[in-house]
Amino acid sequence: MSRVLTVFGGSGQGRTSGAERMAWRTTSALARRGHQVATLTDAPPPDDPRTAHCPVFRSVPELLSALPWPRPDVVHAYDVALPRAVAQAHELARRWNASFVLTPASTPEVWPDRDLGAALCREARVVYTLTRAETAALEAMGVSGTRVRALPQAPDLVGTPDPDAFRARRELSGDLVLFLGRRIATKGYQVLLDAAPRVWQHLPDTLFVFAGPVGDAQAARAFRGPLDARVVDVGLLSDQEKHDALAACSVLCLPTIADVFPLVFAEAWACGKPVVTGRFPGVGEVVRDGVDGIVTDARPAAVADALLRLLTDGTARRTLGTAGLRRVRAEMSWDQVVRAVERGYPSSVPSP
């Protein structure tokens, strides 16, 4: 039976990032499978009883004074976009002579300290990646390919979706295009705002719903108004409301240009919805263009054209959404994720 300490930072702003969700869910799954697990994080747990399976420590002094075992076998860090927590994990692994493993969980384009992030990746005994493109990027930074292990993605959804309730609470009707994510430039919120008038020329009743935190001053100004009444800012959603929104939308649109594998894509597919995305390294491994979504240039005209293709063709929309749902059921479960994590742990750390 292995002893695992998971370490990750909180992104703040009242939200739980995809990397945090991956860390919480994997940690809980490891505990359920018989490992001894503890967590060091300043992130609030998601509103989900599936995460309540191990002790959680909020600071290093608290951890050192109350860790229920002498030392971990593995210190598993997540998300190089929050490098302070990853650096703490590395130091703790050295302190205990434990294996330091890392899931970067974010593209180098959003790392605040690229040199530090690359150094931490090189130090890890095992690095988990979500796409071959991510692996290639890390190898270009000097990470040995022999240390890299492939990891699947999986949706993190809570409860039974109620799309009618989501629409009724906000008096929404007709087709909904949903943006769900942090509103920063690389995620493409402004591209979608600029695409909306082009869609309205043909489908004037389409609503554009934006959910998620405002990530920078430019986004704050953009959503401060005035906005067209057909642009609906629902702000931060609870886990249940997120599930409701995904079930209520016609299309999920995230014109991102800097990502690894957005968790929200798997969540949209789990709700039988197609996605429209921008181009980012490895996007062809994530979204199968014309099969479960549309990959397009992150320009307003191109995004509007992709949306119109789906909004005017219900059969195509359902076909792509169904293909995504089949893919999630076949390839994207948390059981598959945790088994891949276990297989990647150093051989000296047994699985139960």
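This is a predicted model: local features need pLDDT of at least 70, side-chain atom pairs count only at pLDDT 80 or more; totals for chains, interfaces and linings use all residues.
Residues are numbered from 1 along each chain as its sequence is written, and side-chain values use heavy atoms, with hydrogens and water left out.

Begin with Thr6, which is found in strand 1 (residues 3-8); strands (E, at least two residues) and helices (H or I, at least four) are DSSP runs numbered from the N terminus. Thr6 counts as buried because its relative accessibility is 0%, where buried means under 20% relative accessible area, exposed over 50%, and partly exposed in between (1.4 Å probe, protein chains only). Its side chain makes a polar contact with the side chain of Thr39 at 2.9 Å. A polar contact is a pair of N or O atoms within 3.5 Å; within protein, one must be able to donate a hydrogen and the other to accept it, and residues adjacent in sequence count only if both atoms are side-chain atoms. Leaving aside neighbours within four places in sequence, Thr6 is in contact (heavy atoms within 4.5 Å) with residues including Thr39, His76 and Tyr78.

His76 lies in strand 4 (residues 74-78) and, at 0% relative accessibility, also counts as buried. The His76 side chain makes a polar contact with the side chain of Tyr345 (3.0 Å). Not counting residues up to four places away in sequence, His76 touches Thr6, Leu102, Tyr128 and Val341, among others.

Next come the cores. A nonpolar core is a set of buried Ala, Val, Leu, Ile, Met, Phe, Trp, Tyr and Cys residues joined through side-chain atoms within 4.5 Å. The largest has 87 residues, and Phe265 and Leu307 have the most contacts inside it. Helix 7 (residues 189-200) gives the largest share of this core, eight residues. A second, separate core of 30 residues includes Ala38, Leu92, Leu102 and Leu138.

How does helix 7 lie against other helices? Axes here are lines fitted to C-alpha atoms, for helices over the stretch in contact, with angles from 0 to 180 degrees between N-to-C directions. The axes of helix 7 and helix 12 (residues 300-311) come within 8 Å and cross at roughly 55 degrees. That makes helix 7 oblique to helix 12, since angles under 35 degrees count as roughly parallel, over 145 as roughly antiparallel, 65 to 115 as roughly perpendicular and the rest as oblique. Residues that meet here include Leu192 and Val199 in helix 7 and Leu307 in helix 12. With helix 8 (residues 217-224), the axis of helix 7 comes within 11 Å and crosses at roughly 25 degrees, which makes the two roughly parallel.

Helix 9 (residues 239-248) is largely enclosed by the rest of the structure, because eight of its 10 residues are buried. Among the elements covering these buried residues are helix 1 (18-32), strand 8 (176-180) and helix 10 (263-270).

Arg343, by contrast, is exposed, at 63% relative accessibility. Arg343 is found in helix 14 (residues 334-344). Arg343 and Arg149 are 194 residues apart in sequence, with their C-alpha atoms 8.7 Å apart in space.
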